[in-house]
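This briefing is meant to be read beside the sequence and the coordinates. Please keep both open while going through the points.

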Amino acid sequence: MSEEDKLREELCRIGRRLYERHLTSGAGGSISARTSKNEVLIKPSGFSLADMQPENIIKLSLKGEVLSGRYPPSTDAPWHLMIYEMRTDINAIVHAHPPICGGFACAGVSLDIPTFTEVIIQIGRIPFMEYATPTTMDYAIKVAEHLKNANALLMKNHGIITLGSNLEQAFQRAELLEDFAKMILIAKILGGPILLPQEEINKLRTLESEKWRIKVVEELYR
Ligand SMILES: [Zn+2]
């Protein structure tokens with residue numbers, strides 16, 4: 001199987017996992033991956049992530065030309081391409097509408113809270129983006145700007161975006177972000193959350209054992 005065919009299969013597998021984990025519903029959300037030829041495979045517009053098939057996936061150049069595919073690409077394609085252009089370390093993007101993160105997004109409450117070790121290690125900062133109308137160029141530019149130095153984003157009145165060096169890592173970050181939103185909700189009910197001091201955050205980001213865990217995901221799902 002060619003590298004591109006494997007990546008098409010992987011996009012469908014991750015699409016199903018996003019749907020099964022209730023991280024997105026209906027035709028919402030979008031996913032994409034970069035090939036070693038610097039081309040981008042992306043979900044077609046209007047398709048549900050639950051039952052997307054490898055042959056449905058659209059192949060684009062970084063400039064946005066359709067290289068193959070029978071359907072129009074996701075309307076999110078412009079900012080997916082901007083991120084690949086800007087972040088050479090990123091090869092996969094997940095955009096989803098998970099309900100608990102969505103609650104924070106609709107209430108205008110940021111999740112950029114340094115309180116849970118796993119999120120600090122695996123994701124890092126989670127910027128909060130003010131509302132912009134999806135599918136517009138203004139929205140695409142804002143998304144790209146917020147993800148210059150971050151691997152996750154919470155967008156007001158909308159949803160989340162996570163980035164990864166591969167699809168598995170981008171997916172695991174989305175999964176972790178939704179669990180984190182649940183934790184913050186519970187912590188708020190219980191009078192928290194209690195923030196970790198900056199010194200401890202710095203220590204977590206440089207833990208050797210955790211660097212190994214991140215490397216494993218990067219290698220296993222290359
Ligand atoms: Zn969306």
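The points below cover the sheet, the helix packing and a few backbone details. The model is a predicted one. Helix α6 (residues 167-189) packs with helix α3 (residues 99-107) at about 60°, and with α1 at about 10°.

**Sheet**
- Strands of a sheet pair through backbone hydrogen bonds, and the pairing is either parallel or antiparallel.
- Strand β5 (residues 92-96) runs antiparallel to β8, and 5 bridges join the two.
- Within this pair, I93 has L163 of β8 as its bridge partner.

**Helix α1 against α6**
- The axes of α1 and α6 are 10 Å apart, at an angle of about 10°. Helix α1 is therefore roughly parallel to α6.
- On the α1 side the contact is made by E10, L11, I14, R17 and L18, and on the α6 side by L167, F171 and A174.
- By residue class, the contact of α1 with α6 holds 6 nonpolar, no polar and 2 charged residues.

**Helix α3 against α6**
- The axes of α3 and α6 are 7 Å apart, at an angle of about 60°. The two helices are therefore oblique to each other.
- Their crossing is left-handed.
- I100, C101 and F104 of α3 meet L177, E178, A181, K182 and L185 of α6.
- The residues of the contact of α3 with α6 comprise 6 nonpolar, no polar and 2 charged.

**Backbone details**
- Most residues other than glycine have a negative phi, and most peptide bonds are trans.
- The peptide bond joining G192 and P193 is cis, with omega at about -5°. P193 sits in the loop between α6 and α7 (198-205).
- T135 is not a glycine, yet its phi is positive, at about 80°. T135 belongs to the loop between β6 (128-129) and α5 (137-146).
- T135 counts as exposed because it has 12 C-beta neighbours inside 10 Å, and 12 or fewer is the cut-off for that class.
- N157, also a residue other than glycine, has a positive phi near 60°. N157 is found in the loop between β7 (152-155) and β8 (159-164).
- N157 counts as partly exposed because it has 15 C-beta neighbours inside 10 Å.

**The loop between β8 and α6**
- N166 lies in the loop between β8 and α6.
- N166 has 22 C-beta neighbours inside 10 Å and therefore counts as buried; the cut-off for that class is 20 or more.
- From N166 to E20 the separation is 146 residues in sequence and 20 Å in space, taken C-alpha to C-alpha.

Terms used
Residues are numbered from 1 along each chain as its sequence is written. This is a predicted model: local features need pLDDT of at least 70, side-chain atom pairs count only at pLDDT 80 or more; totals for chains, interfaces and linings use all residues. Axes are lines fitted to C-alpha atoms, for helices over the stretch in contact, and angles run from 0 to 180 degrees between N-to-C directions. Helices (H or I, at least four residues) and strands (E, at least two) are DSSP runs, numbered from the N terminus. Angles under 35 degrees count as roughly parallel, over 145 as roughly antiparallel, 65 to 115 as roughly perpendicular and the rest as oblique. A crossing is left-handed if the near helix is turned anticlockwise from the far one by less than a right angle, and right-handed if clockwise. Two residues are in contact if their C-beta atoms, placed from the backbone, lie within 7 Å. Ala, Val, Leu, Ile, Met, Phe, Trp, Tyr, Cys and Pro count as nonpolar, Asp, Glu, Lys and Arg as charged, and the others, Gly among them, as polar. Two strands pair if DSSP finds at least two bridges between them.
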